[in-house]
Amino acid sequence: MEKLGVGIVGIGHAGREHFTAFDENPDAEVRAAWAPSVRRLDLFPGSMDLFAPTYESMLDRDDIDIISLCSPNYAHADQAVAALEAGKHVICEKPLATTLEDCERIVRMADTKPSLKFMVGQSARFNPICKTIKRMYDDGELGEAFYAEADYLHNIGNRIKDWWVDDRNPHFGLMGGGVHPIDLLRWIVGDIDEVFAISNHKVLAEFPHDDAYLMNFRFENGCMGKMAAFLGCQRPYELNLAIYGTRGTAINDRLYLSKVEELEDFIRLPITILAEHPTFGEEMAHFVDCILNDGTPMIDVRDGAKSAATCIAGAESIETGKPVRVKNSF
């Protein structure tokens with residue numbers, strides 16, 4: 001069987017991780033790469049011969065089956081629509097887009113191309129502890145969630161990138177970091193109905209946007225929730241996930257189940273938790289398998305749109321100082 005040809009857009013951290021994941025996949029081969037700025041080609045793990053002169057030239061190639069979008073958040077919509085129009089499968093890094101209009105535009109185009117696979121790169125769903133908590137919740141071990149929270153705690157101070165500070169990319173901490181915990185909570189508990197968010201800017205003086213975000217929300221099923229996304233934490237990176245249910249509680253690798261009457265404290269799950277778990281290989285393998293075997297990607301275009309829309313509602317709440325309903329109809 002001939003390998004699926006991959007074209008990668010962007011050579012930052014995500015682009016390099018996507019390259020490695022596809023390069024190591026036996027059913028895929030990176031055949032082209034493109035970035036609007038090629039000042040740091042030395043960081044690209046592949047051959048310089050792979051670079052296409054333009055994005056359009058990559059889309060015109062018959063040997064490219066998959067477009068991997070690792071470009072700035074604000075560029076996703078135009079590039080995703082163009083890739084679908086060109087008949088390419090698309091894996092788009094999170095968030096899907098930064099406006100509701102762009103989310104809708106991508107969904108509409110994807111609907112016109114039912115034979116093409118579209119996946120949003122919410123890599124945290126492939127984290128072992130997150131998958132375990134999701135499985136326990138789906139199996140009813142924790143009962144029904146009445147409260148759920150997740151945190152993205154980071155310090156980006158020493159690696160701020162040009163496009164992160166671009167005015168076309170406001171609320172980067174919410175869209176780029178907060179989308180991880182929001183997506184995890186949506187995945188496990190369900191869609192979020194309404195949000196109220198606040199933010200401040202106390203740590204990263206050279207960063208033009210707010211660096212701390214806090215969001216309270218109500219799920220459509222009545223569960224309450226909270227998300228924190230901090231970009232200037234004076235502490236190591238951590239992604240936390242906690243589900244409080246009617247039969248038990250899971251807080252990362254700590255588990256308490258009411259059915260075990262003898263339990264007096266949390267028990268520890270023997271699951272390794274790394275600061276940034278290497279999930280890209282499994283993520284790309286899942287996407288390739290969906291293409292080859294006509295499967296449904298774990299995070300399809302509508303799922304990705306809902307997580308982005310929750311972030312967008314949070315940004316609106318910050319600007320207006322009021323609760324905002326989340327658009328979940330795509």
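**Reading a predicted model: pocket, sheet and a buried threonine**

Reader: What is the volume of the second largest pocket?

Author: In this predicted model, the second largest pocket has a volume of about 220 Å³. Of the 13 residues lining it, Pro114, Leu116, Phe118, Asp300 and Val301 are the closest to its centre. Helix 4 (100-111) and helix 8 are the elements that give two or more residues to the lining.

Reader: How do the residues of that lining divide into nonpolar, polar and charged?

Author: The lining of the second largest pocket has 6 nonpolar, 2 polar and 5 charged residues.

Reader: Helix 8 also holds threonine 310. Why does threonine 310 count as buried?

Author: Buried means under 20% relative accessible area. Threonine 310 has 0% relative accessibility, so it counts as buried. Leaving aside neighbours within four places in sequence, threonine 310 is in contact with Ile182, Arg186, Ile192, Val195, Met215 and Val326.

Reader: Now to the sheet. How do you know that strand 1 and strand 3 pair?

Author: Two strands pair if DSSP finds at least two bridges between them. Strand 1 (residues 4-9) and strand 3 (residues 66-69) have 4 bridges, in the parallel sense. Glycine 7, for one, stands opposite isoleucine 67 in strand 3.

Reader: And what makes strand 2 and strand 5 edge strands?

Author: The open sheet has 5 strands in the order 2-1-3-4-5, with parallel pairing. Strand 2 (28-34) and strand 5 (118-121) each pair on one side only, and they are the edge strands. On average, neighbouring strands of this sheet are turned by 20 degrees against each other, direction ignored.

Technical notes: Residues are numbered from 1 along each chain as its sequence is written. This is a predicted model: local features need pLDDT of at least 70, side-chain atom pairs count only at pLDDT 80 or more; totals for chains, interfaces and linings use all residues. Side-chain values use heavy atoms; hydrogens and water are left out. Axes are lines fitted to C-alpha atoms, for helices over the stretch in contact, and angles run from 0 to 180 degrees between N-to-C directions. Buried means under 20% relative accessible area, exposed over 50%, partly exposed in between (1.4 Å probe, protein chains only). Contact means heavy atoms within 4.5 Å. On a 1 Å grid over the protein atoms alone, a cavity is a set of points where a 1.4 Å probe fits but cannot get out, and a pocket is an open set with protein on both sides within 12 Å along at least five of seven lines; lining residues have an atom within 4 Å of a point. Grid points are joined across faces, edges and corners, and a volume is the space filled by probe spheres set on the points. Ala, Val, Leu, Ile, Met, Phe, Trp, Tyr, Cys and Pro count as nonpolar, Asp, Glu, Lys and Arg as charged, and the others, Gly among them, as polar.
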